[in-house]
Amino acid sequence: AKGLEMVHVDSQELGTMGALRRAADEGFGGAVVWPKTSSADYGELSELHARIAIVSVDHSIGGEHSDLVMSDHLLGAKQAVSHLVGLGRRRIAISGFFTSLEDAQLRFAGYTAALNEHSVPVEAHNFVFSSPQPHPYENPRLLSLRLKEEDRPDAVFVLHDMSAPSIVEAILECGLTVPNDVAVVGFGNDLPFNVDGVGLTTVGMNWDRVAEAIVSRLVHRLEHPGSAFRRVVVPTRLIVRGSCGAPQSLWSSEGYEASSATITRRMLPGRHEQFAPIASSSPGGGGSRD
């Protein structure tokens, strides 16, 4: 609609900065990047900004300034944790893989902010993160140990949906049930699975609005290359499906935003029959969208 043509530059081997350099060297007008790097050379990035319009998605490039379009990770996490508190959960742990990238940091901040707002103690022994690296199988050892203690968590806020299977596996291995013993809420709405017929309550991101904001910033940057950088934050929403312990009357029929094809590799081997894709006829389900 804007008269632009789009191509994909693979950064798997080149890295984020390498892909940006290649785009600039080959005469691209702009670049949309979803960076996964915690550091960047400021001088090199400034030089690239002078050559090509850059818009980052969900994370800034190494924490440096650029146009950035992101979902509201802070408010989304506050919504999720406040929902758990409203359902009577008071010992809410936070788990999943934790990184230095902004989405994880903001979700952690939202978790603590919600607990503070509801006068629920923020306790360090409920920070039970798993590995920040994409190992083939995620092993939430700290959570497993915490679940065996007398004052175990009665709920877990999971930083990313892709960690939910291993989190649920750990809960079941401890002889506990979801959601009666331990409620679970995730973030992403990109993992269509259920636990014994109960879908995953999660925070959904509006990727259509994110895409619109990306194009808007890219066009603006192309037309006004010297303008100030801007951060655009797109609202999120809580999607209730049952893993949080909410009654079925509150479950949503909203579908998922992505396939689990690239996510299931993080699941622990074991009780896979507990985790099944949610068909469109299932309560709180909806088909996956690739």
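In this predicted model, residues His 73, Leu 74, Ala 77, Lys 78, Val 81 and Ser 82 of helix α3 meet a set of residues in helix α4. On the α4 side these are Asp 103, Leu 106, Arg 107, Ala 109, Gly 110, Tyr 111, Ala 113, Ala 114, Leu 115 and Glu 117. By class, this α3 to α4 contact has 9 nonpolar, 3 polar and 4 charged residues.

**Helix pair α3 and α4**

- Helix α3 covers residues 73-86, and helix α4 covers residues 102-117.
- Their axes lie 7 Å apart, and the packing angle is about 40°.
- An angle under 35 degrees would count as roughly parallel; α3 and α4 are therefore oblique to each other.
- The crossing of α3 past α4 is right-handed.

**Helix pair α1 and α2**

- Helix α1 spans residues 15-25, and helix α2 spans residues 42-51.
- The two axes come within 10 Å and cross at roughly 30°.
- α1 and α2 are therefore roughly parallel to each other.
- α1 passes α2 in a left-handed crossing.
- From α1, the contact takes in Met 17, Leu 20, Arg 21, Ala 24 and Asp 25.
- From α2, the partners are Glu 44, Leu 45, Leu 48 and Arg 51.
- This contact divides into 5 nonpolar and 4 charged residues, with no polar ones.

**Sheet of 4 strands**

- This open sheet has the order β1-β2-β3-β11, and its pairing is parallel.
- β1 (30-33) and β11 (231-234) are the edge strands, each pairing on one side only.
- Neighbouring strands are turned by 15° against each other on average, direction ignored.
- Strand β3, residues 67-71, runs parallel to β11, and 4 bridges join the two.
- Within this pair, Leu 68 has Arg 231 in β11 as its bridge partner.

**Sheet of 6 strands**

- The strand order is β5-β4-β6-β7-β10-β12 in an open sheet with mixed pairing.
- β5 and β12 (236-239) stand at the edges with a single partner strand each, so one side of each has no neighbour in the sheet.
- From one strand to the next, the twist averages 20°.
- β7 and strand β10 (residues 201-205) run parallel, joined by 4 bridges.
- Gly 188 has Gly 204 in β10 as its bridge partner.
- Helix α3 packs on this sheet, touching β4, β6 (155-158), β7, β10 and β12.
- The direction of α3 makes about 25° with that of β12.
- Helix α6 also packs on the sheet, where α6 touches β4, β6 and β7.
- The direction of α6 makes about 160° with that of β6.

- Strand β4 (residues 92-97) pairs with strand β5 (residues 127-130) in the parallel sense, over 4 bridges.
- Phe 97 has Ser 130 in β5 as its bridge partner.
- Together, β4, α4 and β5 make a right-handed β-α-β unit.
- The helix of this unit, α4, is the one that packs against α3.
- α3 in turn touches β4 of the sheet.

**Local backbone features**

- The peptide bond between Val 178 and Pro 179 is cis, with omega about 10°.
- Pro 179 sits in the loop between α6 (164-173) and β7 (183-188).
- Asp 58 is not a glycine, yet has a positive phi of about 70°.
- Asp 58 lies in the loop between β2 (53-57) and β3.
- Those two strands, β2 and β3, are neighbours in the order β1-β2-β3-β11.

Definitions and conventions
Residues numbered from 1 in each chain as written. Predicted model: local features only at pLDDT ≥ 70, side-chain atom pairs only at ≥ 80, totals over all residues. Heavy atoms only, no water. Axes fitted to C-alpha atoms, helices over the stretch in contact; angles between N-to-C directions. Parallel < 35°, antiparallel > 145°, perpendicular 65-115°, else oblique. Left-handed = near helix turned anticlockwise from the far one by under 90°. Contact = heavy atoms within 4.5 Å. Nonpolar A, V, L, I, M, F, W, Y, C, P; charged D, E, K, R; others polar. Pairing = 2+ DSSP bridges. Right-handed = clockwise from strand over helix to strand, strands pointing away.
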